[in-house]
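Keep the viewer open as you read.

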Amino acid sequence: MHDIRALRENPEPYVKGWDSKGLSGSGLVGEITALDAKLRAAQTAWQTAQAERNDASKKIGQAKAGKDEAEAQRLMAQVEALKTTLETAQAEEREASQALNDLLAGLPNIPAEDVPWGKDEHDNVEVRRWGTPFAIAKPKDHVDLGEGLGLMDFEAAARMSGARFVVLKGELARLERALGQFMLDLQTREHGYLEVSPPLMVNDAAAYGTDKLPKFADQLFQTTDGRWLIPTAEVPLTSLVMGQIVAEEELPLRFTALTPCFRSEAGASGRDTRGMIRQHQFYKCELVSITAPEQSAAEHERMVECAEAVLKRLELPFRTMLLCTGDMGFGARKTYDLEVWLPSQETYREISSCSNVGDFQARRMDARSRAAGEKGTRFVHTLNGSGLAVGRTLVALMENYQDEGGRIAIPQALHPYLPGLTHIGGQG
């Protein structure tokens, strides 16, 4: 959500910001300003009418005390007329307030000043690379590898669940579990994140507060009682501070969770239909930080390094990209994507996205902080990132660690989680 007072006093950053995301900034600001003016006019009309009504009501008693019945009757008629004025003003206020809130709720966050201007992924900026892509002659993709080992079954998954699901078996199932545990241990033991086991279903308030509603309702799964399956643990982790006032001395708060994630992938028809890249259900190790406003920029860089550490430990080549204005997510002020090398595609593919959301979510969920000894509060900043998406990491590991015989080597970092196993598909 946006600060209407800030927009009213300094509209230019909003015009520029929405223009950079392919919207009509001036048109939107004009529409918002008009609704804001209508709302304030209705509020002023109600306050004026209420004051007049109170004054007239007070004078009625005075007129009756002075036995001036004519004046008392005139004042009572005035009070009755003001009742209609109050009802009209109140209805206009509700209508304008609803229209303004609906408009603001559907508008994306404003990019930070250092975000590059651009239309799509072609305008993203590479920040750094790590590792050298593996030299693999005629690499197989993860589907051929997994099916060749008899440990990955898309047909069985389709029979029971439909498209965009997979059944992992045996050593591949163990490898997926080991990856998630490794990520969780790294983020908690070395990077200071607090492990959380959150609900996998949330209510409207939590989904709205983390900017998933109303814009992305068609990308979520909803239960019969109105709850939403989480598309990412960002939703429940960030919602831990929903409606709360946090002591600033406790910030930053850092949370992590390894959970299933559920996405309808509406609008993704024809994209990554083969394999595990884009599925309705997958595991992800999520990172969330709650900070004071002046901490968030540094915390963002730290979060990216925490996500990069997973790929470095697994020795998977990757690059870090700064997203342009046109490629960022709805709620983000600034986003870095980590892209891992996939030999079968001979390109880098997204495996993590780390975003600084600023106070955009905090305003929607009313999450604030208060410094010791202070009466006032201010909105916190929220950040979220993948540390990492487990399924895509499994894909990258399978493809980068394959050999000519179709076996998959286990990277050293995972040996403690898979005792006695050095390869999938045979030992040696």
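A couple of ground rules before we dig in. This is a predicted model, so local features need pLDDT of at least 70 and side-chain atom pairs count only at pLDDT 80 or more, while totals for chains, interfaces and linings use all residues. Residues are numbered from 1 along each chain as its sequence is written, and side-chain values use heavy atoms, with hydrogens and water left out.

Let's begin with charge. Side chains of opposite charge can pair when their charged atoms come close. Here a salt bridge means a side-chain nitrogen of Lys or Arg within 4 Å of a carboxyl oxygen of Asp or Glu, and the structure holds 26 of these salt bridges.

Take Asp36 and Arg40, which form a salt bridge with their closest N and O atoms 3.5 Å apart. Why is this pair about one helical turn apart? Because Asp36 and Arg40 are four residues apart in helix α3 (residues 25–65). Helices, by the way, are DSSP runs (H or I, at least four residues), as are strands (E, at least two), and both are numbered from the N terminus. For accessibility, buried is under 20% relative accessible area, exposed is over 50% and partly exposed is in between, using a 1.4 Å probe and protein chains only. On that scale Asp36 is buried at 5%, whereas Arg40, at 39%, is partly exposed.

Asp55 is partly exposed at 37% relative accessibility, and Lys59 is partly exposed at 37%.

Now for a link between distant parts of the chain. Glu234 forms a salt bridge with Lys212, with the closest N and O atoms 3.0 Å apart. Glu234 sits in helix α9 (residues 234–238), while Lys212 is in the loop between α8 (204–209) and β6 (228–229), 22 residues apart. Both Glu234 and Lys212 are buried. Elsewhere, salt bridges with shared partners tie Glu126, Arg129, Arg319 and Glu339 into one network.

On to packing, which brings us back to α3. Helix α3 packs against helix α4 (residues 69–105) at about 160°, their axes 7 Å apart; the axes are lines fitted to C-alpha atoms over the stretch in contact, and angles run from 0 to 180 degrees between N-to-C directions. That makes the two helices roughly antiparallel, a label for angles over 145 degrees.

On its other listed partner, α3 packs with helix α2 (residues 12–19) at about 135°, again with axes 7 Å apart. The α2 and α3 helices are therefore oblique to each other, the class left over once angles under 35 degrees (roughly parallel), over 145 (roughly antiparallel) and 65 to 115 (roughly perpendicular) are taken out. Where do α2 and α3 meet? Tyr14, Val15, Trp18 and Asp19 in α2 meet Gly25, Ser26, Leu28, Val29 and Ile32 in α3, with contact meaning heavy atoms within 4.5 Å.

Last stop: helix α12 (residues 390–400). With 11 of its 11 residues buried, α12 is largely enclosed by the rest of the structure. The buried residues in α12 include Arg392 and Glu399.
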